[in-house]
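Please read it alongside the sequence and the coordinates.

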Amino acid sequence: MYVIVILAMIAGFLALRLYSVLGKRTGHEQEPALRPADERAKVTVLQPGPVAQNGGDSVRLAEGLIGPGAENGVRALIAADRSFDVPQFVDGAKSAYKMVLEAFWRGDRDELAWLCDDDVRASFEDAIAAREADGHVLDNRLVRIEKAQIVEASLNGRIAEVALRFEADIAAVTRDKDGNVVAGSMTDAVGTKDVWTFTRDIRSADPNWKLSETDEAA
């Protein structure tokens with residue numbers, strides 16, 4: 001199986017968990033470009049990887065992918081879910097990071113509902129609605145992800161949570177309804193540092209992880 005799985009101009013939504021991280025940095029949006037449901041279903045987001053022959057090896061071989069203090073949590077998660085593979089999970093989280101940002105920027109509510117839990121999805125939708133009311137359109141681009149590292153992992157009963165620190169460069173432009181640039185530049189990328197938490201019920205038949213929380217990294 002495969003492990004595949006933001007400058008906002010709207011200060012009124014800074015209290016929202018997700019928008020406070022994504023919106024205040026890259027609050028720009030494009031017209032929705034919905035992916036057909038059957039095509040979307042072919043993409044697996046942050047699914048568990050294949051069972052490793054030795055669970056401890058997955059931690060040992062993931063040098064640089066696990067931050068200080070997170071190793072014990074990762075080991076506990078691997079012990080409970082032998083299909084969890086660190087390198088594949090991090091690769092999937094990077095894909096999910098890109099997919100969520102792009103869905104938010106273009107205002108794709110359906111895609112966000114698929115990728116995020118209810119609280120995060122609602123926060124995104126509020127931010128999108130506010131942008132639309134202001135007549136703003138986002139023209140953003142994820143230039144590169146410089147770093148993706150697991151900084152915390154835990155298991156609460158059957159609920160697994162894995163938090164990753166992302167350091168990325170984003171080119172962001174806000175346009176008005178006529179296409180005029182009102183903020184930002186596509187030539188000057190903005191550095192972002194976020195911590196995103198993904199959650200999954202390890203006993204669920206659904207193998208996908210969902211974005212459940214975001215914070216701005218120090």
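1. Arg158 and Asp201 form a salt bridge whose closest N and O atoms are 2.9 Å apart, where a salt bridge is a side-chain nitrogen of Lys or Arg within 4 Å of a carboxyl oxygen of Asp or Glu. Arg158 lies in the loop between β2 and β3 and Asp201 in strand β4, so the pair ties together parts that are 43 residues apart in sequence. Arg158, at 36% relative accessibility, counts as partly exposed, and Asp201, at 22%, also counts as partly exposed (buried means under 20% relative accessible area, exposed over 50%, and partly exposed in between, with a 1.4 Å probe and protein chains only).

2. On provenance, this is a predicted model, in which local features need pLDDT of at least 70 and side-chain atom pairs count only at pLDDT 80 or more, whereas totals for chains, interfaces and linings use all residues. Residues are numbered from 1 along each chain as its sequence is written, and side-chain values use heavy atoms, with hydrogens and water left out.

3. Strand β2 (residues 141-156) pairs with strand β3 (residues 159-175) in the antiparallel sense over 13 bridges; two strands pair if DSSP finds at least two bridges between them, and the elements themselves are DSSP runs numbered from the N terminus, helices being H or I of at least four residues and strands E of at least two. Within this pairing Ile145 stands opposite Ala168 of β3. The hairpin has two residues between its strands, and Gly157 takes a positive phi near 65° there.

4. The structure holds 11 salt bridges, and one of them joins the side chains of Asp169 and Arg144 at 2.8 Å, N to O. This pair links distant parts of the chain, with Asp169 in strand β3 and Arg144 in strand β2, 25 residues apart. Asp169 counts as buried at 16% relative accessibility, while Arg144 counts as partly exposed at 41%. Arg144 and Asp169 also belong, with Glu146, to a network of salt bridges.

5. Another salt bridge is formed by Glu71 and Arg75, with the closest N and O atoms 3.1 Å apart. Because they are four residues apart in helix α4 (residues 71-80), Glu71 and Arg75 are separated by about one helical turn.

6. Helix α5 (residues 86-106) has 21 residues and should span 30 Å at 1.5 Å a residue, which agrees with the 30 Å between its end C-alpha atoms; the expected span is 1.5 Å times one less than the number of residues. At the start of α5, a side-chain oxygen of Asp85 comes within 3.0 Å of the backbone nitrogen of Gln88, and just after the helix Gly107 takes a positive phi of about 75°.

7. There are eight aromatic pairs in the structure, rings of Phe, Tyr and Trp (its six-membered ring) being paired if their centres lie within 6.5 Å, with planes under 30 degrees apart counted as stacked, over 60 as edge-to-face and the rest as tilted. Phe89 and Trp209 have ring centres 4.9 Å apart and planes at 75°, so this pair is edge-to-face. It links Phe89 in helix α5 with Trp209 in the loop between β4 (181-201) and β5 (210-216), 120 residues apart, and both residues are buried.

8. Phe166 and Trp196 form an edge-to-face aromatic pair, 5.9 Å centre to centre with 70° between the planes. Phe166 lies in strand β3 and Trp196 in strand β4, so the pair ties together parts that are 30 residues apart in sequence.

Conventions
Polar contact = N/O pair within 3.5 Å; in protein donor to acceptor, adjacent residues only side chain to side chain.
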